[in-house]
Amino acid sequence: MHADSMGRITRRSFVTGMAGAAGAFAVGPALAALASDDSYAMVAKVDRARILSAAERYLVEQPITVTAAHSNRSQGGPHDYFSEGDYWWPDEKNPGGPYIRRDGFSNPANFNDNREALIRLSLMAPALAVAWRLTKDRRYSAHFMKHLRAWFVDPATKMNPNLEYAQAIFGVSKGRGTGIIDTLHLVEVVRAVRVLEAAGGVSAADAQPIRAWFADYVDWMATSQNGKDEEAAKNNHGTCWVLQVAEFSQFAHRADLTALCRDRFKTVIVPDQIGKDGSLPLELARTKPYSYSLFDTDVLSGICQSLSTPQDDLWRFKGPNGRGVADAVAFLFPYIADKSKWPFAKDVEYFDDLPARRPSLLFAGEALGRPEYIATWRRLDPDPRIPEVIRNMPIRQPLLWVDPNLRG
């Protein structure tokens, strides 16, 4: 599947309160910033033109699912999602033998069609959903549902609810827990279904078979060996597992898994990933330290948006070293506002194409009352064209994440 046929993928408030002894932060009934009407109205005004322009283009695009392309290197069937590890290459010293790793350098010869189709869905479906939310035009919600039925309901084209064959490595693995990061691109798709269902754009009957698919998938994420491996991942992979399960479990009505995500955020993710200076040491150690720091901070911010309630505001949570997600955003902000100040190694690829518009700035700016974050967010490019940048920006329609219908 080539990029052009994929729909051009080539392409204020304040929260107040006091920190508790354990680092958690309790707020009063008015959790203003996280989902105020003012926040929603502001983002709607900023993004309205880009949303409607994209949605109009997407109305003519037909669904493309995993069944549209298959690799003979996959051990799965036509309904099984398959991808290959990005940084794995043929070994020049052992032609035909197991691939070897070159961290940070993506192998363009790897099979990527299923992932490109997934990213295509993650671009189109949320844009169609927010277009309906802004206009109530049924064309948008109907086309949104057409894509979702193809992916998750239609027996002829739907994807199986597991990732047993994701990010395989030739000669090494048929599929790894690492591959679960690929369905991070379903997080905003699910968020879109939740928003439309809450606002009356999708009926309960239409949502039910999609909910059933995600109930199966999130259970697989929580119980399979691949899922457990990814849950235990130390860096951004572990963060991405939590954001996925947080959104999928809320949609699937799995309160036990939602509670697990809150607990893991507090006991593992924040303590293990955020340094005393607010940096993300595990991401700074990579060959793309800038990109990975931006990416993981966005995902951490998405968790705060997804799971915070009036009684449990994750934006104010601090780990044992006194640092939390607010500190991670504060650490990175100067280098988003002015990349030339970045004091660490430059990324081995795509450094010049960043930072693009980071949702972490909007979410933190609203939640913490930091207008300078929002001002920077507004001036950055919301629609990057470079596929690698798009791939690492899974939250592209922030209106879905400040919708009052989905807040505590």
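User: Before we start, what kind of model is it, and how are residues numbered?
Analyst: It is a predicted model, in which local features need pLDDT of at least 70 and side-chain atom pairs count only at pLDDT 80 or more, while totals for chains, interfaces and linings use all residues. Residues are numbered from 1 along each chain as its sequence is written, and side-chain values use heavy atoms, with hydrogens and water left out.

User: OK, how many aromatic pairs does the structure hold?
Analyst: The structure holds 20 aromatic pairs, where rings of Phe, Tyr and Trp (its six-membered ring) pair if their centres lie within 6.5 Å, and planes under 30 degrees apart count as stacked, over 60 as edge-to-face and the rest as tilted. One of them, Phe214 with Phe248, is tilted, at 5.1 Å centre to centre and 45 degrees between the planes.

User: Where do Phe214 and Phe248 sit in the chain?
Analyst: Phe214 is in helix α6 (residues 204–223) and Phe248 in helix α8 (residues 236–252), 34 residues apart; helices here are DSSP runs of H or I with at least four residues, numbered from the N terminus.

User: Is Phe248 buried or exposed?
Analyst: Phe248 is buried, with a relative accessible area of 0%, since buried means under 20%, exposed over 50% and partly exposed in between (1.4 Å probe, protein chains only).

User: Switching topic, which ring does the charged end of Arg357 sit over?
Analyst: The charged end of Arg357 sits over the ring of Trp377, 4.4 Å from its centre, the criterion being NZ of Lys or CZ of Arg within 6 Å of the ring centre and within 35 degrees of the ring normal.

Technical notes:
Helix = DSSP H or I, 4+ residues; strand = E, 2+ residues; numbered from the N terminus.
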